[in-house]
Amino acid sequence: MPSLSSTTAPVSSTAMARSLHGISIFLALIILVAADQQPEITNQPDAAAGPPRPRSLALLVSKNEQTNQHVVDIQKRTPLKAVPLVLDVNGRTIWVDCESNYLSSTYNAPQCHSTQCSKAGIQDCRVCSAQTRPGCHNNTCGLNSVNPVSGETAYGELAQDVLSIPTSDGSSLGQPVTVPQYLFACAPASLAQKGFPPAVQGVVGLGHTSISLSTQLASNFGFPPKFALCLTSALNHGVVFFGDAPYRLYPGIDVSHPLGSTPLSVSHEGEYYIQVTSIRINEKPVPVNPSLLNRRPGSTLISTTTPYTILESSIYRNFVQFYANQMAWAPRVRPIAPFGFCVDATKMYMTQIGPEVANIDLVLHNRNNVWRIVGANSMVQPQPGVWCLAFVDGGTNPKAPIILGSYQLEDNLLQFDLGRSRLGFSNSLLFRGTHCGNFYIGGAGGQTSAGAKEEEKHV
């Protein structure tokens, strides 16, 4: 029998090449078909995952002229309702009057020793003997709320409810987002009756605590623990930003840079302090007892509920005398309480940054790091024809030797960077041809600044 090799015809190289080429085409077709059946991969967000998280949020702030308190409207409850609250940068949380017709289908009072109570750092269990209602349940978490104007406190209930807040791209308000189970405090109606503007129902706190508004928003939406204040006069709306910059004001100025910067300290109660090491007027140092400015957590407390800066008595006396000497050319008039130095406004020149007066410098952690207070923030008109130095004698034992009041904060951007423990400050935005009332409040295509309906305050 002949061998297999002797009966099989040899395969030519041309035929083999054609065979391999056919196999390659076949495999390529299989790959193309398989690829066509794969789902398309894009950079678009998955609709099932919900809308993307916002980078920043914003709230408008108004100033009540009668009380000099700054007020924020917070959308809460189900159905949503605008709740006016005093802005307290050092407040522990949001607290509201729950006795006066608090109606919401989503209100909840966490049980004692629950995870919500642990998050709030609360160990107290509360018993309420009155009829069950929002703010009155048994075996819930009890906590104190503080009226920052009167100093009074009241015991109430930790609660949860819906909170809604507008998003922001740093230039205008956007669509609102919701926190379904926002933690806050219920307080009795009596706590909101002293020192607050009419209709205000509580406080919105931005202090460095686990249940402040700033902390809960950063935790819920995943942006950095950072917020910025831009307060203004009663003529306009200011703004509070939560999250990252930019912060843009008309006419398109990003006021988030450049910023001065200084260390930010926090007390055990979550209050914000900075270290002022000296005070200068017209570049000349004011005599101050050094021990008063060498305190922990800092010599200077920042406050949005103190209308005018408070100075410890010995600092105040030296400060006013020194200022009066630097303003010897201005005709003095009888002081109007609570101010100690006043001048005839008809003899003063007005500039872009307020009345032309002596500059006040707060020297911070080094002598080149200075927060300058210009005429628009150092002088106030308590009545027509009179300018007064907007600083107040705080007595011998104030909470801090210097308490920076809200009048001195107006039209200055303050950025509280809690992750880095830094305070960024712009100095007066009037130098840059804008002010805090120039934040856009309209939507895209129809934007108007918050100050458009009124004359600009200083510019």
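Q: Over how many bridges do strand β22 (residues 342-344) and β28 pair in the antiparallel sense?
A: This is a predicted model, in which local features need pLDDT (the predictor's confidence in each residue, from 0 to 100) of at least 70 and side-chain atom pairs count only at pLDDT 80 or more, while totals for chains, interfaces and linings use all residues. Residues are numbered from 1 along each chain as its sequence is written, and side-chain values use heavy atoms, with hydrogens and water left out. Helices (H or I, at least four residues) and strands (E, at least two) are DSSP runs numbered from the N terminus, and two strands pair if DSSP finds at least two bridges between them. For β22 and β28, the number of bridges is three.

Q: Which residue of β28 is the bridge partner of valine 343?
A: Two bridge partners in β28 can be named here. Cysteine 342 has cysteine 388 as its partner. The partner of valine 343 is tryptophan 387.

Q: Are Val386, Trp387, Cys388 and Leu389 of strand β28 buried or exposed?
A: Buried means under 20% relative accessible area, exposed over 50%, and partly exposed in between (1.4 Å probe, protein chains only). Strand β28 (residues 386-389) is covered on both faces, with Val386 and Cys388 on one side and Trp387 and Leu389 on the other. These residues are all buried.

Q: Which strands are the edge strands of the open sheet of four strands?
A: The order of this sheet is β21-β22-β28-β27, with antiparallel pairing. Strand β27 (residues 379-383) pairs with β28 over three bridges. Each edge strand pairs on one side only, and the two are β21 (332-333) and β27.

Q: Which residue in the hairpin of β27 and β28 takes a positive phi near 85°?
A: The hairpin has two residues between its strands. The residue with the positive phi is glycine 385.

Q: Which residue has its backbone oxygen 3.0 Å from a polar atom of the side chain of serine 168?
A: Serine 168 is in strand β7 (residues 153-168) and counts as buried because its relative accessibility is 9%. A polar atom of its side chain lies 2.9 Å from the backbone nitrogen of glycine 170. The backbone oxygen at 3.0 Å belongs to serine 172.

Q: How many contacts beyond four places in sequence does the model have for residues 25-49?
A: The mean pLDDT of the protein is 87, and 85% of its residues reach 70 or more. Where pLDDT is low, predicted coordinates should not be read in detail. Over residues 25-49 the pLDDT stays under 50. With contact meaning heavy atoms within 4.5 Å, the number for this stretch is zero.

Note on methods: Polar contact = N/O pair within 3.5 Å; in protein donor to acceptor, adjacent residues only side chain to side chain.
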